[in-house]
Amino acid sequence: MRLRKKPWIEEAMQDLKGEYVLMHDLENYKGRWQELFPGKRLCLEIGCGKGRFIIGMAELHPEKAFIGVETQHDIAYYPGKTAKENKMDNIKVICANAEHMEDWFEPGEIKELYLNFSDPWPKARHAKRRLTHRNFLAKYQRLLGKGGHLRFKTDNRALFDFSVEEFKEFGLEIIALSYDLHNSDYDNEVQTEYERKFSSLGTPINFCEVVF
Ligand SMILES: C[S@@+](CC[C@H](N)C(=O)[O-])C[C@H]1O[C@@H](n2cnc3c(N)ncnc32)[C@H](O)[C@@H]1O
């Protein structure tokens with residue numbers, strides 16, 4: 001997702017930083033996320049974009065807390081702003097590259113992981129950048145610990161096929177799989193921005209859930 005640079009966002013971010021949008025000293029939060037969200041089950045979305053998914057899920061599930069990771073400042077601003085306007089106590093946005101997530105979380109600290117419409121990186125030489133590449137799966141395994149769930153949605157069939165192969169090769173148990181989520185029996189509580197865009201164009205949405 002690319003947005004035209006909006007200079008006012010840097011200034012507006014000052015209001016959100018440290019409260020709803022975290023971008024500095026992230027290693028200080030390691031092992032302390034539960035203190036920020038007492039009694040709530042910790043869920044993470046990597047590449048949360050403008051946050052339609054985490055905001056919607058946080059509203060539906062007050063018993064859970066949703067942490068979104070978004071590398072682009074101009075985009076991370078939006079979920080932070082919505083969370084602040086609605087005084088939500090179960091949302092935080094980390095504005096940073098998820099590659100470094102093991103510096104921010106203790107092993108086993110996250111219980112549910114969501115990857116929604118991740119960048120496909122179609123060229124074979126960029127396969128390692130795909131968020132479902134086995135190198136990332138190894139990080140998620142440490143992050144989630146045994147029994148953690150990963151839920152993945154995408155419009156991109158090539159990325160989906162690659163991802164399912166990676167899940168199998170990694171030895172993960174596939175507990176749900178659909179090549180047309182919206183016409184399946186699986187729950188789909190909140191549609192993401194990209195999901196709404198692609199499904200309105202008639203593109204089927206692929207979905208897979210695995211257990212570590
Ligand atoms: C295609 S968009 C999908 C946004 C949203 N999940 C949705 O479904 O509408 C992918 C987003 O992931 C972000 N992203 C990609 N790689 C990332 C990474 N390594 N760490 C954090 N964010 C990342 C991009 O900046 C972009 O906003």
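Me: What covers the buried residues of α3?

Reply: This is a predicted model. In it, the cover over the buried residues of α3 includes the strands β2 (41-46), β3 (64-69), β4 (91-94), β5 and β6, together with the helix α4 (73-85).

Me: Which residues of helix α3 are buried?

Reply: Helix α3 spans residues 52-60, and its buried residues are Phe 53, Ile 54, Ile 55, Gly 56, Met 57 and Ala 58. The word is used because a relative accessible area under 20% counts as buried.

Me: Why is Cys 43 called buried?

Reply: Its relative accessibility is 0%. Buried means under 20%, so Cys 43 counts as buried. Cys 208, at 1%, is buried because the cut-off is under 20%.

Me: Why does Cys 48 count as buried, and where does it lie?

Reply: Cys 48 lies in the loop between β2 and α3. Its relative accessibility is 4%, so against a limit of under 20% Cys 48 counts as buried.

Me: What is Cys 48 in contact with, leaving aside its neighbours within four places in sequence?

Reply: Cys 48 is in contact with Ile 54, Gly 68, Val 69, Glu 70, Pro 79, Val 93 and Glu 193. They are called contacts because each pair has heavy atoms within 4.5 Å. Thr 192 is 144 residues from Cys 48 along the chain, and their C-alpha atoms are separated by 8.8 Å.

Me: How is the protein chain divided into domains?

Reply: There are two: domain 1 covers 1-99 and domain 2 covers 111-212. Their C-alpha centres lie 21 Å apart. The contact takes 21 residues from domain 1 and 20 residues from domain 2.

Me: What makes the pair Asn 116 and Glu 45 a polar contact?

Reply: The side chains of Asn 116 and Glu 45 are joined at 3.0 Å. A polar contact asks for N or O atoms within 3.5 Å, one able to donate a hydrogen and the other to accept it, so the pair qualifies. Asn 116 is in strand β5 (residues 112-116). Not counting residues up to four places away in sequence, Asn 116 touches Glu 45, Gly 47, Phe 53, Lys 153 and Thr 192.

Me: Why is Asn 116 called buried?

Reply: Its relative accessibility is 5%. The limit is under 20%, so Asn 116 counts as buried.

Me: Which residues does the UniProt annotation "binding site" cover?

Reply: According to the unreviewed UniProt entry, they are Lys 123, Asp 155, Thr 192, Glu 193, Tyr 194 and Glu 195. These positions spread over 73 residues of sequence and are also spread in space, with up to 24.9 Å between C-alpha atoms. From this set, Thr 192, Glu 193 and Tyr 194 belong to the lining of the largest pocket.

Me: Where is Asp 155 found, and what is it in contact with?

Reply: Asp 155 is in the loop between β6 (149-154) and α6 (157-169). Apart from neighbours within four places in sequence, Asp 155 is in contact with Phe 117, Phe 198, Thr 203, Pro 204, Ile 205 and Asn 206.

Me: Why is Glu 193 called partly exposed?

Reply: Glu 193 has a relative accessible area of 24%. Buried means under 20% and exposed over 50%, so Glu 193 falls in between and is partly exposed. Glu 193 is in helix α7 (residues 193-200). A polar atom of its side chain lies 3.4 Å from the backbone nitrogen of Gly 51.

Me: Which class does Asp 25 fall in, and which does Lys 87?

Reply: Asp 25 has 48% relative accessibility and counts as partly exposed, because exposed begins over 50%. Lys 87, at 71%, counts as exposed.

Me: What is the phi of Asp 25, and of Lys 87?

Reply: Most residues other than glycine have a negative phi. Asp 25 is not a glycine, yet its phi is positive, about 50°. Phi of Lys 87 is also a positive value, near 50°. Asp 25 lies in the loop between β1 (21-22) and α2 (33-36), and Lys 87 in the loop between α4 and β4.

Note on methods: Residues numbered from 1 in each chain as written. Predicted model: local features only at pLDDT ≥ 70, side-chain atom pairs only at ≥ 80, totals over all residues. Heavy atoms only, no water. UniProt positions renumbered as here; feature names shortened; annotations may be inferred. 1 Å grid on protein atoms, 1.4 Å probe; cavity = no way out; pocket = protein on both sides within 12 Å on 5 of 7 lines; lining within 4 Å. Helix = DSSP H or I, 4+ residues; strand = E, 2+ residues; numbered from the N terminus. Buried < 20%, exposed > 50% of the residue type's maximum accessible area, 1.4 Å probe, protein only. Domains from an automatic or database assignment.
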